[in-house]
Structure formats: structure tokens, C-alpha cells
Amino acid sequence: MDWLPTLERVAPWHWWVLGALLLILEVAAPGVFFVWLALAAFGLGLVVFVLPLPVAVQLLLFAVFCVVSVVLGRRYVGRLGLGGEGGDTLNTGASRLVGRTVTVTAPIVNGVGRVRVGDSDWRARGPDTPAGTSVLIVAAEGTTLIVREVSGSWV
């Protein structure tokens with residue numbers, strides 16, 4: 001590490017360029033991690049812009065800023081429910097409807113009909129049920145909702 005003593009001063013723009021490179025790396029390797037390091041680099045660039053600091057102090061502050069930004073960032077993302085642990089709802093549009101009570105719009109005959117969810121109609125499977133009846137969504141298979149009568153015991 002004999003290159004370290006040759007660095008007398010790291011300018012703020014060095015940190016901003018590092019932050020930009022880390023953001024590009026975030027786009028190239030998605031995962032919401034490098035963005036926190038980029039924020040630490042941008043923040044340190046602002047600090048160095050206001051306070052000229054020795055390189056060793058800048059590196060130490062960068063390490064501290066990285067740890068703080070990763071911890072706070074993961075806490076923020078976790079609170080939003082965007083994390084990958086069990087909260088991933090990408091491409092699960094119908095699954096999020098399970099548990100809702102909806103109205104049959106086209107009678108369910110021979111196990112197939114249609115129900116109204118919000119402002120759209122969905123294909124439904126379940127026991128034969130006349131139009132206008134309230135049913136409970138118990139599962140989803142692709143874009144087909146599996147329903148049962150609210151007062152019935154069919155599953």
C-alpha cells in the first residue's frame with residue numbers, strides 16, 4: 001500500500017465520481033446494496049467540500065458512512081416491505097386477493113364463472129353459485145380465482 005502516502009488530498013469530486021460509479025454498479029448488479037455505498041460517497045464528498053480532511057480521515061469516515069448508510073437503508077427498505085424475505089409480491093397479482101369477499105357477476109355453473117374484484121371481472125372456479133352472491137377468494141391459480149360461498153363450507 002505504498003500508493004496511500006502519495007495521496008496528499010482527495011478532492012470532493014473524487015468521492016462524487018466514486019458515488020456515480022457505485023450507482024452504475026447498482027444498475028449493473030441490482031440488489032439495493034451499492035446504492036447505500038454511493039450515498040456514503042456522495043455524503044463524504046459534501047463533507048470534504050466543506051472541511052478539507054486528510055486522506056486517512058476521509059477513508060475512515062467513508063467506512064463509517066458506509067456502515068451507517070447500509071444499516072439505515074436496510075431498516076428503511078425493510079419497513080417499506082421491499083425486502084426479499086417473504087415480502088416479494090412480484091408477479092403475484094391474483095395471490096394478493098386471497099381472503100377478499102367479492103360478488104359473483106356471471107353465475108358459476110359447472111364450477112366456472114366470473115366475479116367482480118374492484119373494477120374488473122375475474123374468472124372464478126368454485127361451487128355452482130348464482131350471480132349476485134358474495135363469495136370468498138380462498139386461492140388463486142394463475143388468473144383464475146378459487147372461491148367458496150361465504151356462508152358455505154366448500155373449500
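Trainee: Leaving aside neighbours within four places in sequence, which residues is Phe42 in contact with?

Mentor: This is a predicted model, so treat every value as computed from it. Phe42 sits in helix 2, residues 34-50. Setting aside neighbours within four places in sequence, the contacts of Phe42 are Trp15, Trp16, Gly19, Ala20 and Leu23.

Trainee: How many Å apart in space are Phe42 and Trp15, C-alpha to C-alpha?

Mentor: In sequence, 27 residues separate Phe42 and Trp15. Trp15 belongs to helix 1, while Phe42 belongs to helix 2. From C-alpha to C-alpha, the distance between Phe42 and Trp15 is 6.2 Å.

Trainee: Is Phe42 buried, partly exposed or exposed?

Mentor: Buried means under 20% relative accessible area, and exposed means over 50%. Phe42 has 26% relative accessibility, so Phe42 is partly exposed.

Trainee: How many aromatic pairs does the count come to?

Mentor: Rings pair if their centres lie within 6.5 Å. By that rule the count is three aromatic pairs.

Trainee: Is the pair of Trp15 and Phe62 stacked, edge-to-face or tilted?

Mentor: Planes under 30 degrees apart count as stacked, and over 60 as edge-to-face. The ring centres of Trp15 and Phe62 are 5.0 Å apart, with planes at 35°, so this pair is tilted.

Trainee: Which helices does the pair of Trp15 and Phe62 tie together?

Mentor: Trp15 and Phe62 are both buried. The two residues are 47 apart in sequence, so their pair ties together separate parts of the chain. Those parts are helix 1 (residues 12-28) and helix 3 (residues 55-80).

Trainee: At what angle are the ring planes of Trp16 and Phe49?

Mentor: The pair links distant parts of the chain, with Trp16 in helix 1 and Phe49 in helix 2, 33 residues apart. Their ring centres lie 6.1 Å apart. The pair is tilted, because the planes are at 45°.

Trainee: Which residues touch the most other members of the largest nonpolar core?

Mentor: That core holds 15 residues. Helix 1, helix 2 and helix 3 each supply at least two of its residues. The members that touch the most others are Trp15, Leu37, Leu44, Phe62 and Cys66.

Trainee: Which helix gives the most to this core?

Mentor: Look at Phe62 in helix 3. Leaving aside neighbours within four places in sequence, Phe62 contacts Trp15, Leu18, Leu37, Ala40, Ala41 and Leu44. With seven residues, the helix giving the most to the core is helix 2.

Trainee: How many residues are in the other core, apart from this one?

Mentor: Its members include Leu97, Val135, Leu145 and Val147. This other core has 13 residues.

Trainee: In what order do the strands of the closed barrel run?

Mentor: The barrel has five strands with mixed pairing. From one strand to the next, the twist averages 50°. The order is 1-2-3-5-4.

Trainee: What is the bridge partner of Thr101 in strand 4?

Mentor: Strand 1 (residues 101-109) pairs with strand 4 (residues 134-141) in the antiparallel sense, over three bridges. The partner of Thr101 is Leu136.

Trainee: Which residue in the turn between strand 1 and strand 2 has a positive phi?

Mentor: Strand 1 and strand 2 run antiparallel, joined by four bridges. Val104 has Val115 as its bridge partner in strand 2. The two strands form a hairpin with two residues between them, and the positive phi of about 55° belongs to Asn110.

Trainee: Along strand 2, which residues point to one face and are buried?

Mentor: The side chains of strand 2 (residues 112-117) alternate.

Trainee: Which residue does Arg114 stand opposite in strand 3?

Mentor: Six bridges join strand 2 to strand 3 (residues 120-125), and the two run antiparallel. Their hairpin has two residues between the strands, with Gly118 at a positive phi near 65°. Opposite Arg114 stands Arg123.

Trainee: With which side chain does the side chain of Thr144 make a polar contact?

Mentor: Thr144 lies in strand 5, residues 144-149. Its relative accessible area is 9%, so Thr144 is buried. The polar contact, at 3.2 Å, is with the side chain of Arg123.

Notes: Residues are numbered from 1 along each chain as its sequence is written. This is a predicted model: local features need pLDDT of at least 70, side-chain atom pairs count only at pLDDT 80 or more; totals for chains, interfaces and linings use all residues. Side-chain values use heavy atoms; hydrogens and water are left out. Buried means under 20% relative accessible area, exposed over 50%, partly exposed in between (1.4 Å probe, protein chains only). Contact means heavy atoms within 4.5 Å. A polar contact is a pair of N or O atoms within 3.5 Å; within protein, one must be able to donate a hydrogen and the other to accept it, and residues adjacent in sequence count only if both atoms are side-chain atoms. Two strands pair if DSSP finds at least two bridges between them. Axes are lines fitted to C-alpha atoms, for helices over the stretch in contact, and angles run from 0 to 180 degrees between N-to-C directions. Rings of Phe, Tyr and Trp (its six-membered ring) pair if their centres lie within 6.5 Å; planes under 30 degrees apart count as stacked, over 60 as edge-to-face and the rest as tilted. A nonpolar core is a set of buried Ala, Val, Leu, Ile, Met, Phe, Trp, Tyr and Cys residues joined through side-chain atoms within 4.5 Å.
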